[in-house]
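Q: I would like to learn how to read a single helix and then the sheet and core around it. Could we go through the model step by step?

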Amino acid sequence: MSSSPRVSTPSPQAAPATPPAVTPMGWMHTARFLTTAAQLHHLPEMDTPEIAFVGRSNAGKSTCINTLTQKKQLAFASKKPGRTQHINLFALGKQGITDTVLADLPGYGYAAVAKMDKLRWQQVMANYLVSRENLTGIVMMCDPRHGLTELDDILLEVIRPRVEEGLKFLIILTKADKLTRAEQAKALSIARLQAGGGEVKLFSALKKQGVDEVAKLLWDWTHPSAGTAPSPSPTEPPEAEPEALDE
Ligand SMILES: Nc1nc2c(ncn2[C@@H]2O[C@H](COP(=O)(O)OP(=O)(O)OP(=O)(O)O)[C@@H](O)[C@H]2O)c(=O)[nH]1
Ligand SMILES: [Mg+2]
């Protein structure tokens with residue numbers, strides 16, 4: 001990968017203590033498009049922490065990024081599965097200084113994709129997850145109505161050694177608005193058993209459920225020296241009106 005461009009940004013550890021005015025949500029709102037790549041060697045090498053969003057096609061990865069960052073068009077979201085076909089990187093950080101990168105990955109398990117393309121993509125993703133040096137955390141998006149699928153389990157196996165070495169891991173149960181409270185509680189306890197000690201959170205882009213909590217967790221992952229961000233207040237009103245989602 002020596003031919004790849006190296007994007008050099010200050011290490012967050014070396015940064016001065018974060019001013020208290022920066023909240024995880026404020027930090028999320030600094031998101032901007034960084035680059036897109038169809039293949040691994042086209043990704044810029046970076047030394048900033050990177051968090052990858054992975055999961056089945058249509059699980060809600062791109063919508064989750066748009067909801068967290070409050071930018072409706074940042075990542076391409078669509079009713080049609082297979083919408084995201086490249087690795088798309090987004091930069092986070094105040095004053096234009098990138099301190100974290102979010103990676104929106106194409107989904108897997110989309111039946112209409114040709115077999116060879118599927119295999120090629122699985123290989124690209126496995127290579128990315130195993131070899132991306134600045135990868136700090138993985139967010140696995142899972143529609144709790146389908147549960148963790150065989151491909152999710154394969155991915156969990158691929159990343160297990162890195163998780164054991166300290167890579168952060170979160171399962172987000174998406175589209176929680178589709179479940180009753182009892183179903184949400186059940187889905188949460190099942191996923192916790194499968195997460196092998198990783199975190200699990202319920203999330204709804206429609207109801208803005210779990211948004212503050214996920215933002216805070218990602219902040220804590222990537223700013224270990226800044227201390228834990230204050231927990232979001234449960235009474236805090238949602239930052240935006242619910243939008244119409246069609247799935
Ligand atoms: N009801 C509801 N629908 C959602 C939610 N999140 C996403 N969706 C819908 O689910 C569909 C797929 O969302 P995407 O964000 O494009 O899914 P993706 O995981 O990025 O899909 P690929 O790019 O194909 O891998 C869209 O129609 C979204 O509107 C949610 O929290 N609630
Ligand atoms: Mg997508």
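Q: Which residues of α4 are buried?
A: In this predicted model, the buried residues of α4 are Asp152, Leu155 and Ile159. As a general idea, an α-helix has 3.6 residues a turn, so residues three or four places apart point the same way. The helix itself covers residues 150-164.

Q: What covers the buried residues of α4?
A: The cover includes strand β4 (50-55), helix α3 (115-131) and strand β7 (135-142).

Q: How many residues does α4 have, and what span does it reach?
A: Helix α4 has 15 residues and reaches 21 Å from its first C-alpha to its last, which is close to the 21 Å expected at 1.5 Å a residue. The end-to-end span should be read together with the local axis, which bends by about 40 degrees at Val158, with the proline Pro161 following within four residues. After the helix comes Gly166, whose phi is positive, near 120 degrees.

Q: In what order do the strands of the open sheet lie?
A: The order is β2-β5-β6-β4-β7-β8-β9, seven strands in all, and their pairing is mixed. At the edges stand β2 (32-37) and β9 (199-202); each has a single partner strand, so one side of each is left without a neighbour in the sheet. On average, and with direction ignored, neighbouring strands of this sheet are turned by 25 degrees against each other.

Q: Which strands does helix α5 touch where it packs on the sheet?
A: Helix α5 (residues 181-194) touches β7, β8 (168-173) and β9, and its direction makes about 160 degrees with that of β9.

Q: How many bridges join β4 to β6?
A: Four bridges join β4 to β6 (residues 100-104), and the two strands run parallel. For one specific pair, take Glu50, whose bridge partner in β6 is Val101.

Q: Which residues have the most contacts inside the largest nonpolar core?
A: In soluble globular proteins, nonpolar side chains tend to be buried together. Here the largest nonpolar core has 54 residues, and those with the most contacts inside it are Phe53, Phe90, Leu102, Ala103, Cys142, Ile172 and Leu173. Taking Ile172 as an example, and leaving aside its neighbours within four places in sequence, its contacts include Cys64, Val139, Cys142, Phe203 and Val214.

Q: What share of the residues in the protein chain is buried?
A: Buried residues make up 38% of the 247 residues in the protein chain. Among contacts with a separation of 6 or more, 74% are between residues 24 or more positions apart.

Conventions
Residues are numbered from 1 along each chain as its sequence is written. Chains are lettered from A and ligands numbered from 1 in the order in which they are written. This is a predicted model: local features need pLDDT of at least 70, side-chain atom pairs count only at pLDDT 80 or more; totals for chains, interfaces and linings use all residues. The expected span of a helix is 1.5 Å times one less than its number of residues. The bend at a residue is the angle between axes fitted to the seven residues ending there and the seven starting there. A residue is buried if 20 or more other C-beta atoms lie within 10 Å of its own, exposed if 12 or fewer, and partly exposed in between; C-beta atoms are placed from the backbone. Two residues are in contact if their C-beta atoms, placed from the backbone, lie within 7 Å. A nonpolar core is a set of buried Ala, Val, Leu, Ile, Met, Phe, Trp, Tyr and Cys residues joined through C-beta atoms within 7 Å. Two strands pair if DSSP finds at least two bridges between them. Axes are lines fitted to C-alpha atoms, for helices over the stretch in contact, and angles run from 0 to 180 degrees between N-to-C directions.
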